[in-house]
Amino acid sequence: MRIHADRLTRDFGSLRAVNEVSISVGEGEIMGLLGANGAGKSTLIRMLCGIIRLSGGTAEVAGFRLADQGRKIRQHIGYMGQNSTLFEDLTVRENIEFYGAVYNMSRKEILDRSEELIRELQIGRYTDQLIRTLPSGWRQMLAFSTAMLHRPKIVFLDEPTSGLDALSRRELWNLVSLAAGDGTTIMVSTHYLDEAFYCDRLVILENGCVKAEGRPNDLKAAGGSDGLIHFFIEDSK
Amino acid sequence: MKRTSGILSVARKETRHIWRDKLSMLILFGLPGLIVGVFGFVLSFEIKEVPVAVLNAKHDAGIERLFQKIDASPCFHVVKSLSHSGEIIDAFASHNIKMVVVADHEPAKALVSGDLPEVHIFMDGSESKLAIAAGSITRKLIASFFREEFPEATAGAVFPEPTVRFLYNPELRREVMPIPGLMMIIFILISAIMLSVSIVKEKEQGTLKLLALTPVLPSDMVFGKSLPYLFITIFHIFSVLLINYFVFGMTIAGSSLHFLALNLLFAVNSMAFGLLIASRVQRQIEVAILCWLFLFIPNVFLSGFIFPLITMPDFLQTLAWLMPGTSFIEAYRGIVFKGTGWLENALPFALLLAQIVLVLAISARGFKHQKAGR
Amino acid sequence: MKTLFAIIQKEMRQLRRNTLLLVIICVSPVIILGIIPFSLEKQVKINLSIVDQDKTATSRMMAYRMQASPFYSSVASETTLDRALSRIRKNKSDIALVIPENFERDADLGNQEPLFLTIDGTHTLNAQSHLAFLEEALQSQRSGGKENGLAEVHYLFNPELDGRIYFIVSLLILLVTLIGVCLITINIVSEKESGMWSQLQATPLSLLQYLAAKLVVFAAVGLAEMIIGLAFCRAVYSFVVLGPISDYLLLTLIFLFPMLMLGIFIASITKNQVQAVYMLVLVLLSVILMSTMFSFLNAMPDWAQKMRFLNPLYYMLDASRLMVLKGFSLATVWVQTGILVFQGIVLSVATLLIFRSPSSLNQN
């Protein structure tokens, strides 16, 4: 198990954003987090990255304890946040150099990896362009690749495809699948229901709680005629 | 009335933004009171308890009494007693000492031999105005001391002093004097910076472009945004007036209506300059730095707040008059302290008005470019 | 460390990319330093109105001498005191001198009526010094140029009594402060706002490295501002630093430590740039107005004097005036320097605590 979380809880004052969520993700697995806005997806991801402190529960990520080994965890994970991941007023190459240094990669490693990246994404012509000038599809793929720069064991993606057109979404998911195929564990949050089917397993969150989990097709079947949407319809209490 | 409803809806939105940001609201409403109420007491160039070091080389009793007299004066405070002249220069490095008074002889003996006693005053000349004034005060103190102690011997050496009267500030009362300048700072920083940073924030976020797509004209949008700040500024005018009255006992010698008109005019003027900056820059950091460097600093230094205009060279006096702060302080002092009327303040009012028109025109062009999409 | 160097490199690159900002921070100090010091009174310049009620040779001589002297930028003759006073009211002159009737006649009799001076008290600083100057001038005129034998004043450190240098120091420091603090605060807050701060939190980058890099970069900017400013003032105003220049630049860096930390502190307690700008106005104004930039320390009320322990700008001004205007070295101002370092440490601790606290401001 690359990620093993037990009853994670997070409070913001009186608001409980994440409520006793237990989750496990293995090697090479793509775990999808679904849920409406405010369901707690981002908060959960950030807790697992060690960005936000836990109000309750324990977790082990990449073999390290979340409670006190946050620093070590962060060396072995990649993260792609909801907003700008890359520095807008730096070039592609400069961004890569920066993140490479942050992950303590040697110059040679950085160079090799950036060559690989550039070839994979076919952005050779754009390496010296400012991120700000690139179309959003490129930026997201570049952001993903940068998150993968140091070959982390786990990558967390927080709504990586929001705002992208269908083609760009497909291309990004291609990259994600390739990475998972190589053994990288991926935890992805999204609110596009169709993307659920790119994932190996799903966790559906509602108001900070796990509403459902399982394989996408199983959940779809369980949802009856509505399919997955079933889990997003308000329960009559 | 579509236009008014457009303006009002922008104003309402802006008010909500302000209302939701409690920290900013606190600063927005509280800052002027703080500035006037607190800093009004602080800004003073009065010569008071200036630290002094003394050297009584011959340990003369008469000189000792002289030094006590200097210490007793409200202007000076003896903080250090030196033991030899080698310590004079280094004395200035500690305790904020600005002056060293040295007597290396015994006055009684000197007079016996027909000489005049000689006391040396070493003055820190780096702040020349303080040096000149303090030097003169000390000399007078010393002269009056020797006149008292040795009246016959010093008869011919001193002449009667001129009678002095200070206009507009009979006791050089310090609290009230900085108030016009502080009001200027309040308006400039708050009215200008706050309006322009709000506009540029929307520019940075891209929401300004969205507004450009609505039927609301850019001018109306700007007007709508300014409205809440205008009301806040009116609040400031009155709250500061109350503070001035209750804390400093400041009353207006001239017409209150005149006074309010001046404040309002300057507030609008400051907002216009804020708009000018907002129309030209893309990022909030640029707003901040430009406002501090080109609104705050020039107006503080060139407006007659600290340094009087008549001592400036001619070309700079002209430049100074172009600063809105100058007109404001000029008219403010006139109305409040001297009781001048509308006619006498015609020039400052006209200048402020002209600046508003000019600056708004330039800003309008800047904003049109925004709408046209650069 | 390599990471620190990489962050610094990134900051430098980002700074360079922002051309308008670069232009502003390079050009505006030059503009400001190029204009404002000219407004400061270099030599005493009195605008005098004389009302000569005596109309004798002595009184006319007095007026003539003043007209000829370079210390009076204008000497106007008025027939009545009221007209002289209205000149003051119109800001055309700052002192009115009345030479009373029978001035010359009574001079030797010893019961001479004193001269009557009316001074515009609006500008305390000028009023006091102009009054003093005029009194001394009148005294020495009447004693026939003989020095008042009782006390002699020696002006140290500024023999020409250049009225500008004191405020040029203040202006330089003001520029460095404003630019440095605004830049660092808004830089950090905009990274918080854009989500970049969250992104960096997920990396092995430590808070210490992040903040240290910012400090280094913006301290360099501040230092550069000081160097440009000093060089410019030297060229245009022959303004020299009397003490060792390397010492003074070191002092500037030491000063930038607490000052920039204050900026970082502000960035840690504000959510977005608008709040940061408001907070900057509050903090910077307070710090500037309480710092003796526009006041004398001893003229301030007791509580205000005590607050100087919280104010890095006060110690910078104090130490700068000692080093730049009086030639003392860094060793002499070790107290001020020590306090600056201490303030920086306190602010650093406070900032780290805030950044690490579980509040939502820095961990959303």
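Which residue of β7(A) is the bridge partner of A:Tyr79? The bridge partner is A:Phe156.

## Model and conventions

This is a predicted model, in which local features need pLDDT of at least 70, side-chain atom pairs count only at pLDDT 80 or more, and totals for chains, interfaces and linings use all residues. Residues are numbered from 1 along each chain as its sequence is written, while chains are lettered from A and ligands numbered from 1 in the order in which they are written.

Helices (H or I, at least four residues) and strands (E, at least two) are DSSP runs, numbered from the N terminus.

## Chain A

Strand β6 (residues 77–80) of chain A runs parallel to strand β7 (residues 154–158) of chain A, and 4 bridges join them. Two strands count as paired if DSSP finds at least two bridges between them. In a regular strand the side chains alternate between the two faces of the sheet. In β6(A), A:Ile77 and A:Tyr79 point one way, A:Gly78 and A:Met80 point the other way, and all are buried. Buried means that 20 or more other C-beta atoms lie within 10 Å of the residue's own, against 12 or fewer for exposed and partly exposed in between, with C-beta atoms placed from the backbone.

Two packed helices are described by the angle between their axes and the distance between the axes. For helix α5 (residues 136–147) and helix α6 (residues 166–181) of chain A, the axes come within 10 Å and cross at roughly 10 degrees. α5(A) and α6(A) are therefore roughly parallel to each other; angles under 35 degrees count as roughly parallel, over 145 as roughly antiparallel, 65 to 115 as roughly perpendicular and the rest as oblique. Axes are lines fitted to C-alpha atoms, for helices over the stretch in contact, and angles run from 0 to 180 degrees between N-to-C directions. From α5(A), A:Gly137, A:Gln140, A:Met141 and A:Phe144 meet A:Ser168, A:Glu171, A:Leu172 and A:Leu175 of α6(A). The residues of this helix contact divide into 4 nonpolar, 3 polar and 1 charged. Here Ala, Val, Leu, Ile, Met, Phe, Trp, Tyr, Cys and Pro count as nonpolar, Asp, Glu, Lys and Arg as charged, and the others, Gly among them, as polar.

## Chains B and C

Chain B has 14 helices and 5 strands. Along the principal axes the C-alpha trace of chain B spans about 95 × 45 × 40 Å. Buried residues make up 48% of chain B.

Chain C also comes to 14 helices and 5 strands. The radius of gyration of chain C is 27 Å, well over the 21 Å that the rule gives for 364 residues, so chain C is more spread out than a compact globule. The C-alpha atoms of chain C fill a box of roughly 90 × 40 × 40 Å along the principal axes, and 51% of the residues of chain C count as buried.

## Contacts between chains

Chains B and C share the most contacts of the 2 pairs of chains in contact. Two residues are in contact if their C-beta atoms, placed from the backbone, lie within 7 Å. The contact takes 94 residues from chain C and 92 residues from chain B. On the side of chain C, α6(C) gives the most, with 14 residues. By class, that side has 57 nonpolar, 25 polar and 12 charged residues.

The contact between chains A and C takes 24 residues from chain A and 21 residues from chain C. On the side of chain A, α3(A) gives the most, with 5 residues. That side has 11 nonpolar, 7 polar and 6 charged residues. Chains A and B do not touch, and their nearest C-alpha atoms are 13 Å apart.

## A sheet shared by B and C

Strand β4 (residues 119–124) of chain B pairs with β5(C) in the parallel sense over 6 bridges. The open sheet of 5 strands has the order β2(B)-β1(B)-β3(B)-β4(B)-β5(C), with mixed pairing. Its edge strands are β2(B) and β5(C), each pairing on one side only.

Helix α6 (residues 128–149) of chain B lies across β1, β3 and β4 of chain B together with β5 of chain C, running at about 160 degrees to β4(B).

Note on methods:
The radius of gyration is taken over C-alpha atoms; the globule rule is 2.2 Å times the number of residues to the power 0.38.
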